[in-house]
Amino acid sequence: MKRIVILTGAGISAESGLSTFRDSGGLWERYRLEDLATPEAFARNPVLVHGFYNARRKAAAAAQPNAAHHALARLERDWPGEVTLITQNVDDLHERAGHRRVIHMHGTLTGALCAACGARWPAPPEMQPDAACPECGAAATRPDIVWFGEMPYDMDLIERHVGQCDIFASIGTSGQVYPAAGLVLQANAAGAHSVELNLEASELSGMYEERLEGPATRTVPDWVDGLLGRR
Ligand code: BV8
């Protein structure tokens, strides 16, 4: 049975009201990522960085999964072969739509990490820079998010699935951040059928055999129904 790998980005959560990064009005239009999403930024100004992630954690908790998140959870449940979902997103909308296995390559807003000892625990709604790590007591708590210049999580697992898949779909990503943006090249090299579901053309559109243009809440349910033979 065909193995499907899906990579999602901020675009899949846009219709749930969560900001994307590079669209008009996106986060990186309003802020400099160098001031908010790098280890240096955190070392320089932990209060500012915690404030940025506290606001996004609050927004994500208030948001609801949309029809695209639910369609992917349906695909995971009903597709007879393997479905591997990799997300660049740090929200938990896939999980709250009932998706069981989600690989968060850029970390999660619901996770906290100790920069001193590496301990992980569920993040409180508001993280404070001077909070002590529950394991080692150091005041070195940070969001469990992969910042620029840091190695994304689970890359070995991700590259193994991408290298063996029959269908590779990317949904709602501008294809500008590596190594996530490079995964379609690996999928094509593995002979997979590649499909891009995005609101508009992206940096990597030319790398995809198939493109479904439009809002994810329309294109993803259509694509899933087609795969499940329900269209
Ligand atoms: C690494 C967590 C090395 C934070 C993120 C200089 C110094 C250091 C590194 C680099 C450098 N130059 C380049 C790099 C590499 C860098 C990189 O790629 N930079 C880019 C900007 C050039 N990458 C890294 O640093 C990575 N790490 O390289 O480590 C290393 C190697 C070995 C050992 C140690 C280290 C780490 C990258 C991860 C950074 N963290 N996120 C946070 O979320 O706050 S990345 C950030 O961008 C977000 O996580 C986001 O997920 C990700 C990608 O953005 P998208 O999801 O694509 O969102 P975007 O807004 O861009 O696009 C949205 C799309 O949706 C659009 O196309 C739009 O049309 C579409 N859309 C909108 N609405 C809808 C829609 N589609 C459908 N329906 C809709 N309704």
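Which two domains give residues to the shell around the ligand, and where does the ligand lie relative to them? Domain 1 (1-18 + 65-106 + 152-231) and domain 2 (19-62 + 108-145) both contribute to that shell, so the ligand lies between them. The domain bounds come from an automatic or database domain assignment.

A quick word on the ground rules. This is a predicted model, where local features need pLDDT of at least 70, side-chain atom pairs count only at pLDDT 80 or more, and totals for chains, interfaces and linings use all residues. Residues are numbered from 1 along each chain as its sequence is written, and side-chain values use heavy atoms, with hydrogens and water left out.

**Around the ligand**

The shell holds 34 residues, and Phe-21, Arg-22, Arg-56, Thr-173 and Ser-174 come nearest; a residue is near if one of its heavy atoms lies within 4 Å. By class, that's 16 nonpolar, 12 polar and six charged residues. Here Ala, Val, Leu, Ile, Met, Phe, Trp, Tyr, Cys and Pro count as nonpolar, Asp, Glu, Lys and Arg as charged, and the others, Gly among them, as polar. Helices α1 (11-14) and α5 (46-62) each supply at least two shell residues; helices (H or I, at least four residues) and strands (E, at least two) are DSSP runs, numbered from the N terminus.

Here are some polar contacts, meaning pairs of N or O atoms within 3.5 Å:

| Protein side | Ligand atom | Distance |
|---|---|---|
| Val-146, polar backbone atom | nitrogen | 2.8 Å |
| Asn-198, side-chain N or O atom | oxygen | 3.0 Å |
| Glu-200, polar side-chain atom | oxygen | 3.2 Å |

Taken alone, the ligand exposes 1,500 Å², and the protein buries 75% of that (accessible areas from the Shrake-Rupley method with a 1.4 Å probe).

**The cavity**

Searching the whole structure turns up one cavity of 30 Å³ or more. On a 1 Å grid over the protein atoms alone, a cavity is a set of points where a 1.4 Å probe fits but cannot get out, and lining residues have an atom within 4 Å of a point. The largest cavity has a volume of about 80 Å³, the space filled by probe spheres set on the points, which are joined across faces, edges and corners. Its lining has 16 residues, with Thr-173, Gly-175, Ala-181, Leu-204 and Tyr-208 nearest the centre. β7 (167-171) and α9 (183-189) are the elements giving two or more residues to this lining.

Most residues other than glycine have a negative phi, and most peptide bonds are trans. The bond from Tyr-178 to Pro-179 is cis, with omega near 5°, and Pro-179 sits in the loop between β7 and α9.

Notes: Polar contact = N/O pair within 3.5 Å; in protein donor to acceptor, adjacent residues only side chain to side chain. 1 Å grid on protein atoms, 1.4 Å probe; cavity = no way out; pocket = protein on both sides within 12 Å on 5 of 7 lines; lining within 4 Å.
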